[in-house]
Amino acid sequence: MQGKILSPQLISGDDGKRYEYDKNDVVNLGNRDLALLTGSQVEFLSFDKRVAKSIYIILSADRISPARTMALWGIGLIFFIFIPYIGLIIAIASFVLYSMAIYSVSKAVASKSLFKNYIGAVIIGFFGFIVFSMPVIIISLASGWRVSIDGTVLFAAMFPLLIALIYVYRIHTELARLSGSSLFLWAFWIYAVNVLLCFAYFIFVVFASIFIFLGYAGFIVALVLLFIAWWRFGKVEKR
């Protein structure tokens, strides 16, 4: 039988009756907050017409669709961030849309960890980049090091990026579990390899051009896989 969650203790069945239940009988609750799942569809068994057992949360496509659309736009805009004059605006719009997509999925599935991990990745990646790169840039300019500013910034950014990878892995693992698509994890691993290639750029200077080419190519492949993964993210059922 199917129904809808009215509260953390009550389900409204499709037969018009109301059923009490215990959260321990929600098979696929996981680390989700039951209080945030009010209105979600469920599938359950009932043996005494008053109590629901073996409850599965079913999240329909209409709860995921808005997040899916925002994520696709956010990823798609990344390919246009190098347009002169408006590239920065496009980059900000891309970030905002993707952030809203992660937040929407987090709310739809009542996840306690998805958006927190995303915020962790953003804080460490962005602010860590500033903390690491600015002193290096200042010292480089003041001392007259014969290195490019772009290279200096890239090298400094590697350290927070490596730490942020931990949070990015958690995000993509949860998205893969929710959607049933391993493409989220494939996108992550390719992205992680790109970060390591950036390190290789500085260690193996002779082959720098090769690593740069592989890094850009891998980044594009990761984005394409991520785009496809979100495109297929149509329904979350019994997960």
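**Nonpolar surface and nonpolar cores in a predicted model**

Good morning. I begin with isoleucine 83, which is partly exposed, with a relative accessible area of 35%. The model I am presenting is a predicted one. Isoleucine 83 sits in the loop that runs between α1 (61-78) and α2 (87-108).

This residue belongs to a nonpolar patch on the surface, formed by Phe79, Phe80, Ile83, Tyr85, Ile86, Ile89, Ile220, Val224 and Ile228, with about 910 Å² of accessible area together. Helix α6, residues 208-232, gives the most to that patch, with 3 residues.

Let me place this in the chain as a whole. The secondary structure comprises 6 helices and 6 strands, and along the sequence they follow the pattern β-β-β-β-β-α-α-α-α-α-α-β. The chain exposes about 13,600 Å², of which carbon and sulfur atoms supply 70%. Of its 239 residues, 38% are buried.

I turn now to the interior. In soluble globular proteins, nonpolar side chains tend to be buried together. Here the largest nonpolar core has 34 residues, and those touching the most other members are Tyr98, Ile102, Val105, Leu175, Phe184 and Trp230. The elements giving two or more residues to this core are α1, α2, α3 (114-143), α4 (149-179), α5 (183-203) and α6. Helix α4 provides the largest share, 7 residues.

Which residues does phenylalanine 184 contact, leaving aside its neighbours within four places in sequence? They are His172, Leu175, Ala176, Ser179, Leu226, Ala229, Trp230 and Phe233.

Finally, among contacts between residues at least 6 apart in sequence, 65% join residues at least 24 apart. Thank you.

Definitions and conventions. Residues numbered from 1 in each chain as written. Predicted model: local features only at pLDDT ≥ 70, side-chain atom pairs only at ≥ 80, totals over all residues. Heavy atoms only, no water. Patch = residues over 30% accessible without salt bridge, like charges linked within 9 Å, V, L, I, M, F, W, Y side chains within 5 Å. Areas by Shrake-Rupley, 256 points an atom, 1.4 Å probe, with all protein chains shown as cover. Salt bridge = Lys/Arg side-chain N within 4 Å of Asp/Glu carboxyl O. Helix = DSSP H or I, 4+ residues; strand = E, 2+ residues; numbered from the N terminus. Buried < 20%, exposed > 50% of the residue type's maximum accessible area, 1.4 Å probe, protein only. Core = buried A, V, L, I, M, F, W, Y, C linked by side-chain atoms within 4.5 Å. Contact = heavy atoms within 4.5 Å.
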